[in-house]
Amino acid sequence: MTYDLVAALRPLLTAEVSAEAPASGSEPGDLEQAVWLRLLERLETDGPPPDPPGWLRRAVRAEARRSRRITRLERSYGAEPADDLHPGPEQHALTAARHRALRDAVRRLPGRCPRLLEALLSPRDLTYREIAGELGISQGSLGPERSRCLGCLRRLLTPEVAPCEARG
């Protein structure tokens, strides 16, 4: 019985949904799925409607109205995935994890690189002159040394960082 009812109503539902979906701001497939679900719920509780085509038309219009109402009430986020002006606990946790991963990678670098990059990352915001004095190297060699250390860090982090993929 249910299969026969669904088979008989399918063409009518497709036509009704195609007519109502654009005005409701919903996808035709979503609207159709909602009506089928409503029909199955009705079949489980009250049995088949006495006038299936009339019931189907009313159900499509009711679902379209519901969809319009929801669309009107919903508001999109200001920024995705989270608002950077007011970071939440998730954003704080992700930032802390990134900082820990960076510091761990810096500690694994060879030679003077860990000390140099720790000085560059220091919250004291040291100048090149102060960093060179702290490390006992000339200020002129600080730039090339920094470039070599950042290259090592980049190679060290490359396997740990997921490659960017095109979306779409």
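**Entry 1: Pro114**

I started with Pro114, which counts as buried because its relative accessibility is 16%, under the 20% cut-off. This is a predicted model, so I keep in mind that I'm reading computed values throughout. Pro114 sits in helix 5.

What does Pro114 touch once its neighbours within four places in sequence are left aside? I get Val106, Arg107 and Leu109. I also checked the pair Pro114 and Arg103: they are 11 residues apart in sequence, and their C-alpha atoms are 9.0 Å apart in space.

**Entry 2: helix 4 against helix 5**

Next I looked up the helix pair around that proline. Helix 4 covers residues 89-107 and helix 5 covers residues 113-121. They pack at about 150 degrees, and their axes are 8 Å apart. Anything over 145 degrees goes down as roughly antiparallel, so I log helix 4 and helix 5 as roughly antiparallel to each other.

Which residues meet there? From helix 4 I have Leu102, Arg103, Val106 and Arg107. From helix 5 I have Pro114, Leu117, Glu118 and Leu121. By type, the residues of this contact split into five nonpolar, three charged and no polar.

**Entry 3: the whole chain**

I stepped back to the chain. I find seven helices and zero strands, and reading along the sequence gives α-α-α-α-α-α-α. The chain has 168 residues, of which 29% are buried. Of the contacts with a separation of 6 or more, 55% are between residues 24 or more positions apart.

**Entry 4: helix 1 against helix 2**

At what angle do helix 1 (residues 2-24) and helix 2 (residues 28-45) pack? I read about 140 degrees, with the axes 8 Å apart. That angle makes helix 1 oblique to helix 2. I noted the handedness too: helix 1 passes helix 2 in a right-handed crossing.

The residues of this contact divide into 12 nonpolar, three polar and three charged. On the helix 1 side I wrote down Thr2, Leu5, Val6, Leu9, Arg10, Leu13, Thr14, Val17, Glu20, Ala21 and Ser24. On the helix 2 side they meet Pro28, Leu31, Glu32, Val35, Trp36, Leu39 and Leu43.

**Entry 5: helix 2 by itself**

I checked the length of helix 2. Its 18 residues reach 26 Å from first C-alpha to last, close to the 26 Å expected at 1.5 Å a residue.

Which residues of helix 2 are buried? My list reads Leu31, Ala34, Val35, Trp36, Leu39 and Leu43. These buried residues pack against helix 1 and also against helix 3 (52-73). Just after helix 2, I spotted Gly47 with a positive phi of about 85 degrees.

**Entry 6: Trp36**

Last stop was Trp36, in helix 2. I have Trp36 down as buried because its relative accessibility is 15%.

What does Trp36 touch beyond residues up to four places away in sequence? I find Val6, Leu9, Arg10 and Leu13; these four are among the helix 1 residues I listed in the contact with helix 2.

Key: Residues are numbered from 1 along each chain as its sequence is written. This is a predicted model: local features need pLDDT of at least 70, side-chain atom pairs count only at pLDDT 80 or more; totals for chains, interfaces and linings use all residues. Side-chain values use heavy atoms; hydrogens and water are left out. Axes are lines fitted to C-alpha atoms, for helices over the stretch in contact, and angles run from 0 to 180 degrees between N-to-C directions. Helices (H or I, at least four residues) and strands (E, at least two) are DSSP runs, numbered from the N terminus. Angles under 35 degrees count as roughly parallel, over 145 as roughly antiparallel, 65 to 115 as roughly perpendicular and the rest as oblique. A crossing is left-handed if the near helix is turned anticlockwise from the far one by less than a right angle, and right-handed if clockwise. Contact means heavy atoms within 4.5 Å. Ala, Val, Leu, Ile, Met, Phe, Trp, Tyr, Cys and Pro count as nonpolar, Asp, Glu, Lys and Arg as charged, and the others, Gly among them, as polar. The expected span of a helix is 1.5 Å times one less than its number of residues. Buried means under 20% relative accessible area, exposed over 50%, partly exposed in between (1.4 Å probe, protein chains only).
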